[in-house]
Amino acid sequence: VVTVDLAAAADSFTVENLPYQTRLQEITVYTGEGGGNGGGSTEPEQPSEPEQPSEPEQPSEPEQIEGVTLNFADVANRTSYSAEQQIWSANGITMTNNKADSITDVFDSSAATHVRMYTGSDVTIAYSGMTRIVFDVAFAERVTPLADSLRAITGATVTVNDLQVVVEFAQCDSISFTMVAQTRVNAMTVYTNAAES
């Protein structure tokens, strides 16, 4: 090992007229004081690897929120009843059925396992931020009257699957419609997004 200390810092130095042939295996250069005892860097800094572009962030899936149900199996969820109006409420859902232009008084569901809504009566369903309602209809012949009534809601999409009628619409806190014919419903489930029922 041959060590050369320079009197002052320099960017280069030259050794001329070497008296003998020499063969070098390695040169170590230091930039600070202290010779070979760790005073400076031993190797030039290597360029860092170029940073690889990160994967684009994937959009998260919309949260699928479970539906809440208003059941008409008995009158436990009926909060008000008269010949002119019935109101049902459970799990944050409120359904109001007014006699309105119907020639038939509002049906008393005390002896039934479903709610009846007659031709010409008005229905309002309220639930904060809802976008979808699934109705479980009691009888096959009562499916079409409900579906046709719901189609009158502006911007609504209505689909029928056996005894289920599904209506989807822009997010809102309430919808209203008028029955074009009598329907009978066992229960309704309300969603605040397009989660599958």
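## Cavity, covered helix and strand pairing

The largest cavity has a volume of about 30 Å³. This is a predicted model, in which local features need pLDDT of at least 70 and side-chain atom pairs count only at pLDDT 80 or more, while totals for chains, interfaces and linings use all residues. Residues are numbered from 1 along each chain as its sequence is written, and side-chain values use heavy atoms, with hydrogens and water left out.

A cavity is a set of points, on a 1 Å grid over the protein atoms alone, where a 1.4 Å probe fits but cannot get out; lining residues have an atom within 4 Å of a point. Grid points are joined across faces, edges and corners, and the volume is the space filled by probe spheres set on the points. One cavity of 30 Å³ or more is counted by this rule.

The lining of the largest cavity consists of Q86, N97, N98, K99, T104, V106, F107, R116, M117, Y118 and S121. By class, four of these residues are nonpolar, five polar and two charged; Ala, Val, Leu, Ile, Met, Phe, Trp, Tyr, Cys and Pro count as nonpolar, Asp, Glu, Lys and Arg as charged, and the others, Gly among them, as polar. Strands β4 (93-98) and β5 (115-117) each supply at least two lining residues. Strands (E, at least two residues) and helices (H or I, at least four) are DSSP runs, numbered from the N terminus.

S121 lies in the loop between β5 and β6 (122-137). S121 counts as buried because its relative accessibility is 2%, buried meaning under 20% relative accessible area with a 1.4 Å probe and protein chains only. The S121 side chain makes a polar contact with the side chain of N97 at 3.2 Å; such a contact is a pair of N or O atoms within 3.5 Å, one able to donate a hydrogen and the other to accept it.

Helix α1 (residues 143-150) is mostly covered, with six of its eight residues buried: V143, P145, L146, A147, S149 and L150. Their cover includes β6, β7 (157-161), β8 (164-178) and β9 (183-191).

| Strand pair | Bridges | Direction |
|---|---|---|
| β6 and β8 | eleven bridges | antiparallel |
| β7 and β8 | five bridges | antiparallel |

F135 has V165 in β8 as its bridge partner, and V158 stands opposite V167 in β8. The hairpin of β7 and β8 has two residues between the strands, and D162 there takes a positive phi near 60°.

How values were computed:
On a 1 Å grid over the protein atoms alone, a cavity is a set of points where a 1.4 Å probe fits but cannot get out, and a pocket is an open set with protein on both sides within 12 Å along at least five of seven lines; lining residues have an atom within 4 Å of a point. Buried means under 20% relative accessible area, exposed over 50%, partly exposed in between (1.4 Å probe, protein chains only). Contact means heavy atoms within 4.5 Å. Two strands pair if DSSP finds at least two bridges between them.
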